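Below is a short report on one protein model. It covers a sheet, a helix pair and a few single residues.

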Amino acid sequence: MGQVADPWDFFAARLKELLRASGLTQKQAAELASRQSAGAGAPPVAITNGQISAWVRRANRPPQAALKQLARVLIRHARRIDERLVSEGGAARTYAKGLLDEQSWPKWLQAAHGPAAPAGLSTIREADPTALGVHRAAAVGPQPGSAAEEHLRGGRLTPYLIREHDRLLRQYLAAAAQGGSSAFAVLLGESTTGKTRALYEALLEQAPDHRLLHPTDAEDLQQLFTDGVVVPGTVLWLNETQRYLQGKAGAVIAKQLIRCLTQVTGVVMVGAMWRTPYFTDLTAQGRTFDPGAIRDLLHAHALVLDVPHTLTPEQCEDLRTQAGEGSAGRGVLEAVEAGIRDGGKVIQHLSGGPELLAAYSNRTLFTPVEHALITAALDLRRLGHNQPLPTQLLAEAADGYLTARIRPSEADWASTALDDLTRGYRGADPGDRNDVRHTLTALTRHVARSGTPPNFEPADYLDQHTRGDRGNQLGPPALWDALISHTTDPGDLRRLAVSAQERGLFKAAVALFRQASLAGEAFAPALLTDLLARRRLDPDHHAADWVALHAALLNPHAVAYLLPALTKAGAQGAAQRLLGRQPAAHAELTDPSGVQGLVLALAGVDAEEAVQQLLARQPAARVELTDLYEVADLLLALEAVGASEAVQHLSARAAAHAVAANPFGLPPLLQALKKVGADKAVQQLAARAATEAELTDPSDSGRLLLALKEVGVEDAARHLSARAAAQADLTVPWGTVSLLLALQEVGAGDAAQQLAARAVAHAGLASVSGVGVLLVGLRKAGQEELLQQLSTQVAAHADLTDLIDVAELLSALKKVGAEKELRQVAGRAAAQGDLANPLGVARLLSALREAQAEEAVHQLLARRPAAYVDLTHPTGVASLLSALAQVGAEEAVQQVLARQPAAYADLTYSSWVARLLSALAGVGAEEAVQQLLARQPATHVLPGGRAEHSRLLSALETVGTKESAARDEQLLMRRAMDAGVGDEDAIPQFGRETDGTTAAPWTWHDLYNDPPVEVDPEAGM
């Protein structure tokens, strides 16, 4: 029996045979196929010569639409050749079975793709966008014929405006949708700014017939990979991306996604989340919970785009025109107009977000019970419960927000109210509404599996826009009791424990850390140990012993944190018990940062046997090489413990296989290789970097050049210089200057000249931001001719509207001695600059005074800036008052004061308020000072510790009484403690009870007296 051909080999061979039969070159076939639609009404997919070549060579597989177009063209031309042969008296050619049958090709391609996507999955075209999280139009009226209109299931979509991020997103996804390298795009932005809609519209255009995979949670996503259904031709929809990456399995999922992106073609992955706090936390460096693999996924393997939270005036007008030309109805038009009036927040108003926020804040739409449930949900999410909220948790937490007079007596009160809130109306009366415009509800239902109880989530817009106002709310004791009783997710337990600790609720924090440890959360044991030790709450080390027996050992970062924590706590016996469980035998060895930390932690407690046990597992052969900074640190750690064989092995691997395309991590790795004496590896990696490094980021390129010089690889530095000068992205002048100076330092004069000429030619005149930096950089690099050219060009033609940028430009011109150009810019700016920004006017006045441009000062003051500046920004007004006083413009000072800046100042930041108080006192404006104090800034500024409020407290004491300043300090410290951002030394030794009162003395032994029971060391991550 013959061997069955590999389906991919079979497909590629058949495609090559059909190309020969058609008589067309690959270039001709690509051109003709690109004009051929794959089906009725479907736009043609662009096909290139290179793509066809890749398909024939098995480099990747084509998408179905592209294959249909290509096969149709090739089959038609092959038949024409056969018809000509027969008409000339010859015989038609013979072909493999099905070669000229269009129906054969989709089957062959599917076989080549491997496992098929499960039957029954909907395509993007068939999917209900609202089920994907796209907001329906929160307005009444029929819809215009938008691209997505015909695909709606269960609601209308608003008109859609294509913006710059849409164009970049679609361009990025196109290759993956056509069978190229898989792609992962993540959109960042505030709630209801159009992130999810942008993903949906992009997929509808680029991959309408791809099968949709929409996992409900991290577990579901892992199962998709286990089942092998994430295959070419599928879309992995990961909206609310943080839900998949934040939990216990986050690092594992990140590695699965990276593996798919690097090893599988034709998979389109999309996601969206808030930049702050989610993206920031997931990509943070230098924290206890280092998210290495997740950071690598988002920084190195994904396209990350920000979605602006407002529309420009031009975009507002375009959307208004779209809504007016279609049949959007008055509701949509009114929402557009409301968004335009609200500073361009049109997308938010189209979804109804601001209306919902106003209804919640004003208590105009919800009953007291409904309001309590919503508030509980918002506080639970704010404090760290990121998983959907179960009914019992919400009910017990919400009870704390209700008084005895309004608490319901029905047993199912919470279920009834939650059903009403998620349905949008109460009971059986659709007229008794509690939603916004019949569309947007304050809570949404989440049912993970059919037949399971519903969980609930607060509306994103409410969540994001109430965090600031509720940030200093401790929440009632019932909230914390409910969290301790009903939270089960390990990651949520750890986050909530940290929130409790930051607020001084040490008993609650200990309970939550303990539960997190039992649930297998990797870092909770170390955090628990650290808290108890610093507060002397475990004098007999009973907790330390418990921790040593319960800590999960798979995560090397966590073990590396726990060992020194136990030692620092004086719990040497517990540390030995932990070592007795052999963490070196259980720890995962793929993360170089984790291995490095564990090696040093074991060496730090003189656990030489454990170090050798770890080295015997050959971590140098197993760690991933994607993060070059971490590989460099591991090399140095291995060198420090004398593991010469592991150093040699890792050096050789890194030199041969580390990703040399990313210049960001190359310098530390080259330096580490040099330090450990791996000179051959240095030469090999440097040679690869010289040809492979991506050099668009000039700052990274400059650092790489200097590193190459430092490690003595001059040839590679010279080779790299020419490419860096030619390829550098010149958008950011600071980066351009750093590369320019690096080129000078490595002796690449010609490349420096080339880069400088490009930079001057590229310097735009629409904005002078950063031009001053470039001018100074040209002077340092000795590029005098180009310096003069740029100075003349900017002085005569640049847009000088933004006075902050102009002030920096004037300073730079003075620094490089361009006096003539300085006078020219000063005169133009004084006559043309925008007077709305008080900080800009202040900076310009100061720069003009420093440059002794008195005529320009008089010219600027003659335009009466004091009558036009925005008074809401305290720092700007303070700077303006000081600047006006310094130039002797007393009349202008009084003009500012007459407009009552103290009544309009934004009181969000204490340092801003402090500056305004000091400035008002400095110009003798006692009445304005009292007006500002009457607004009680201490009750309005964002919470913070003594360092954040030191300037405000000092200013309050200066302009008021010591007694009032002391009361304000107490208020600020209490608000900071409730918000979890206060000073640790301000928290009582034994912490606080959940009602905010000071806790009586207690220890771990008082709370927990259970005998320690050893657990499976491989439980949890």
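The model is a predicted one.

**The sheet**

Five strands form an open sheet with parallel pairing. Their order is β2-β3-β4-β1-β5. Strands β2 (211-213) and β5 (303-306) stand at the edges. Each has a single partner strand, so one side of each has no neighbour in the sheet. On average, neighbouring strands are turned by 20° against each other, with direction ignored.

Within the sheet, β3 (residues 234-239) pairs with β4 (residues 268-273). The pairing is parallel and runs over five bridges. Which residue of β4 is the bridge partner of W237? It is V270.

Helix α6 (residues 164-177) lies across β1 (183-188), β4 and β5. The helix runs at about 165° to β1. Angles over 145 degrees count as roughly antiparallel, so this value falls in that class.

**A helix pair**

Two packed helices are described by the angle between their axes and the distance between the axes. Helix α39 (residues 749-762) packs against helix α41 (residues 784-797) at about 5°. Their axes are 10 Å apart. The angle makes α39 roughly parallel to α41, because the limit for that class is under 35 degrees.

Which residues make the contact? From α39 come Q753, A756, A757 and V760. From α41 come L786, Q789, L790 and Q793. By class, the contact has five nonpolar and three polar residues.

**D460**

D460 sits in helix α20 (residues 460-470). Leaving out residues up to four places away in sequence, D460 touches S191, E240 and W274. D460 and Q242 are 218 residues apart in sequence. In space, their C-alpha atoms are 13 Å apart.

**Accessibility and cysteines**

Is D460 buried, partly exposed or exposed?

| Residue | Relative accessible area | Class |
|---|---|---|
| C260 | 4% | buried |
| C316 | 5% | buried |
| D460 | 24% | partly exposed |

The cut-off for buried is under 20%, so C260 at 4% qualifies. C316 at 5% qualifies too, because it is also under 20%. D460 at 24% counts as partly exposed.

A disulfide is a covalent bond between the sulfur atoms of two cysteines. How many disulfides does the model have, with sulfur atoms within 2.5 Å as the rule? The count is zero.

How values were computed: Residues numbered from 1 in each chain as written. Predicted model: local features only at pLDDT ≥ 70, side-chain atom pairs only at ≥ 80, totals over all residues. Heavy atoms only, no water. Axes fitted to C-alpha atoms, helices over the stretch in contact; angles between N-to-C directions. Helix = DSSP H or I, 4+ residues; strand = E, 2+ residues; numbered from the N terminus. Parallel < 35°, antiparallel > 145°, perpendicular 65-115°, else oblique. Contact = heavy atoms within 4.5 Å. Nonpolar A, V, L, I, M, F, W, Y, C, P; charged D, E, K, R; others polar. Disulfide = S-S within 2.5 Å. Buried < 20%, exposed > 50% of the residue type's maximum accessible area, 1.4 Å probe, protein only. Pairing = 2+ DSSP bridges.
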